Amino acid sequence: MSPVPQDPAAAYRRIELDARVEGSDALELARVCLDEAIAQLRRAALAEARGNRFARNDALMRAAAGIAALQRGVARDNPLRGPLLTLYGSAELAVRAALADYRRAVLDRVSDDLRDIRALL
């Protein structure tokens with residue numbers, strides 16, 4: 001289990017995430033990663049609107065980590081492996097680029113793509 005953050009809201013999010021991951025199969029883990037990445041992109045947008053760069057960058061790094069986990073989890077025998085790796089790779093690059101140059105429209109497209117994939121699972 002991960003260390004519990006000091007912020008109570010962050011602690012509850014961490015506990016909820018740990019509970020979802022515990023005992024999950026591959027498909028459920030993909031859902032968890034997608035849900036987390038989408039939520040963190042939303043959190044980044046809210047932080048950007050408030051001018052809170054620290055919270056924005058924290059959310060962007062968490063979203064990028066979730067997307068990277070999705071990349072690592074694509075099965076070798078998945079017939080959509082190539083397109084998924086391309087999409088996830090581009091999404092991760094866009095999210096990491098937003099740390100230096102935040103572009104809401106680009107991140108909205110990334111979030112839309114992730115939501116589309118999540119709807120299929």
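Buried means under 20% relative accessible area, exposed means over 50%, and partly exposed is in between, with a 1.4 Å probe and protein chains only.

Some ground rules. This is a predicted model, where local features need pLDDT of at least 70 and side-chain atom pairs count only at pLDDT 80 or more, while totals for chains, interfaces and linings use all residues. Residues are numbered from 1 along each chain as its sequence is written, and side-chain values use heavy atoms, with hydrogens and water left out.

Now the layout. The chain has 5 helices and 0 strands. Helices (H or I, at least four residues) and strands (E, at least two) are DSSP runs, numbered from the N terminus. Of the 121 residues, 32% count as buried.

Back to Val-95, in helix α4, residues 81-97. Leaving aside neighbours within four places in sequence, Val-95 is in contact with Leu-41, Leu-60, Ala-63, Ala-64, Ile-67, Leu-107 and Val-110. Contact means heavy atoms within 4.5 Å.

In soluble globular proteins, nonpolar side chains tend to be buried together.

Beyond neighbours within four places in sequence, Leu-114 contacts Leu-34, Ala-37, Ile-38, Leu-41, Ile-67 and Tyr-88.

Next, a polar residue. Gln-40 sits in helix α2, residues 26-50. Gln-40 counts as buried because its relative accessibility is 4%. Its side chain makes a polar contact with the side chain of Arg-43, at 2.8 Å. A polar contact is a pair of N or O atoms within 3.5 Å; within protein, one must be able to donate a hydrogen and the other to accept it, and residues adjacent in sequence count only if both atoms are side-chain atoms. Setting aside neighbours within four places in sequence, Gln-40 contacts Ala-59, Arg-62 and Ala-63.

Ser-111, in helix α5 (residues 104-120), is buried as well, at 6% relative accessibility. With neighbours within four places in sequence left out, Ser-111 contacts Ile-38 and Leu-41.

Last, charges. The whole structure holds 9 salt bridges. A salt bridge is a side-chain nitrogen of Lys or Arg within 4 Å of a carboxyl oxygen of Asp or Glu. Which residue pairs with Arg-118? Asp-35 does, with the closest N and O atoms 2.8 Å apart. This pair links distant parts of the chain, Arg-118 in α5 and Asp-35 in α2, 83 residues apart. Arg-118 is partly exposed at 24%, and Asp-35 is partly exposed at 24%.

Asp-112 bridges to Arg-115, with the closest N and O atoms 2.6 Å apart. Those two are separated by about one helical turn, because they lie 3 residues apart in α5. Finally, Arg-43, Asp-58 and Arg-62 are linked in a network of salt bridges.
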